[in-house]
Amino acid sequence: MALDTECIRADFPTLRRHVSDRPLVYLDSAATSLKPLAVLDAERDFYENRNSAVHRGAHTLAAEATELFESARDHIARFIGAEPNEVVWVPGATGALNLLAYSFSNASAGMGGDEAHRFRLGPGDEIVVTEQEHHANLIPWQELAGRTGASLRYIPVDDDGRLQMDEATALIGERVKVLAFTHVSNVLGSVTPVAELVALARAVGALVVLDACQSAPHLPLDVKALDVDFAVLSGHKMLGPLGIGVLYGRADLLNAMPPFLTGGSMITSVTMESAEFLPSPARFEAGTQPVAQAISLAAAAHYLDGLGMARVHERDAELGQMLVRGLTEIPGIRVLGPAAGEDRVGLASFAVDGVHPHDVGQFLDDLGIAVRVGHHCAQPLHRRLGLPASTRASTYVYTTDDEVQAFIDGVSEVRGYFRV
Amino acid sequence: MSGAGLDSLYQEVIMDHSKQRHGAGLREDAATSSHQLNPTCGDELTLNLHVNATGDTIDSVSWDGQGCVISQASMSMLHDLLGGLPVAQVEPRLAAFREMMRSKGQIEGDPDLLGDAVALAGVSRYVARVKCAMLGWVALEDAVRQLPPPDADLGHP
Ligand SMILES: Cc1ncc(COP(=O)(O)O)c(C=O)c1O
């Protein structure tokens, strides 16, 4: 049975908004998704009824909050195919990737003892990323390379933005210690061949870091089946609240990795000279935790479970194809990424010949249609594709066929309006 | 109402300037130069400032860049204001433009000071676009700042 879009839409209060005197057509879910009532209610319920810090204090509210917080972790663990102690709360994907890079950095500086040797980097070692990464999965590695003396290399894309897998094979050799790449490109909507890259990394003993920011909302995610060492995601892109995300790491790795942020709630014992750290996940969760956000993210995962991620994926792929087919038929439009008929999520970035993306976005906003314009935090990819910026439309579970059509109709008028 | 808002943003004169791009194409012999970047969209603009022999009057500006209708039109309009303008008169124009851009649609702008650029008043209602309109003006401000001070003893033995 397909998703009942009309029924779903009733759960999203933001869809009642009007923009430019028209009903909002929200096609910017890849930046941040709308939130269903279930998520808003979960957040409100926490503050109204249970407001307290977790893992501290013996009172009833604290106990309830702790239980909800940990069952949220259990829920997210199931959602991504991990164990609860392999799920670390972070502010988002950016926070998670920086956590990793700084933990590796600390290991490289000698912290964490012998067991942290896997995370040590130095001159002669290599970190490999791809040319299509979001800046969040690029700059932390650049900086890590700068701090440790390791070199950063990247798997290039071709003129159509396709990852050059033959180059990957040549690039991933014995010196590579970390391979970090995105599961789904936030610009191209394409799905990375994870298994092939993981096999290359395994052959040389490199750690694999998967940026699942754009895949977690759209596909059934199973980190164990994908066999990656680490994965990161942002809750706000998958119906959850802002300010919370997930770092997944294999338990044996997380328990051997030195922490990044240190402070309260992550220790076993502390003297004036030193501290012993708790195992994962507490080891990486210093300070008062974002409890309401974690609980609400679990509510988002619960909502998605209710829809069924297989069906979400199916609908999303359908919308993605509608976007590409519609855009491709408009003269003067260059769609980035996979052609119609090829795999993509519900996301399409494009360039309008002779019209700057800002003007495209402004024109569409006047029709009540919200899209993203700019380089989408992927400057190197845009440069490679010969564009300073692009316009991106991205769909989600609440997107209707009519909305996609309104968008396509809007785009087909852009060049006329700007007299190109 | 659709269209009305948009048409008041993209007025004829703005559309025309964005296509004609007065002063586009970098010329040599610049006194100073400025390169500006709009980090949100990756747009770039280079402005060369050409001054007369005594260095107190602008001959012209030449520029090169890519960007939206607003940024290109704004730069083209700015170009038209500058030919023969005493350097000392740049600052009040910059201040007037900036004030208009920060006014959220409240200030119309003085055509004597801003020329065609008064048409950009409507941009100030679109907070996300103010940076686009400012790009060339920020480049000019930077280029003027780099000029030697007016009383510097240039070429006088
Ligand atoms: C592929 C990808 N990676 C990382 C991020 C960063 O996520 P956040 O800004 O939520 O930390 C994003 C979101 O913009 C993304 O699309």
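What percentage of the 420 residues of chain A count as buried? In this predicted model, where local features need pLDDT of at least 70, side-chain atom pairs count only at pLDDT 80 or more, and totals for chains, interfaces and linings use all residues, the share is 54%, a residue being buried if 20 or more other C-beta atoms, placed from the backbone, lie within 10 Å of its own. Residues are numbered from 1 along each chain as its sequence is written, while chains are lettered from A and ligands numbered from 1 in the order in which they are written.

**Chain A as a whole**

- Chain A has 14 helices and 17 strands, which are DSSP runs numbered from the N terminus (helices are H or I with at least four residues, strands are E with at least two).
- The radius of gyration of chain A, taken over C-alpha atoms, is 22 Å and is close to the 22 Å that the globule rule (2.2 Å times the number of residues to the power 0.38) gives for 420 residues, so chain A is as compact as a globular protein of that length.

**Two domains**

- The domain assignment, which is automatic or comes from a database, divides chain A into domain 1 (5–30 + 309–417) and domain 2 (42–305), and their C-alpha centres lie 29 Å apart.
- Where these domains touch, 27 residues come from domain 1 of chain A and 23 residues from domain 2 of chain A, two residues being in contact if their C-beta atoms, placed from the backbone, lie within 7 Å.
- On the side of domain 1 of chain A that touches domain 2 of chain A, H11(A) gives the most, with six residues.

**Contact between chains A and B**

- This contact takes 20 residues from chain A and 15 residues from chain B, and H12(A) gives the most to the side of chain A, with five residues.
- Eight of the nine residues of H12(A) are buried, among them A:Pro357, A:His358 and A:Phe363.

**Around the ligand**

- Of the 13 residues around the ligand, A:Gly92, A:Thr94, A:His134, A:Asn186 and A:Ser234 come nearest, where a residue counts as near if its C-beta atom, placed from the backbone, lies within 6 Å.
- The shell around the ligand has four nonpolar, eight polar and one charged residues; Ala, Val, Leu, Ile, Met, Phe, Trp, Tyr, Cys and Pro count as nonpolar, Asp, Glu, Lys and Arg as charged, and the others, Gly among them, as polar.

Technical notes:
A residue is buried if 20 or more other C-beta atoms lie within 10 Å of its own, exposed if 12 or fewer, and partly exposed in between; C-beta atoms are placed from the backbone.
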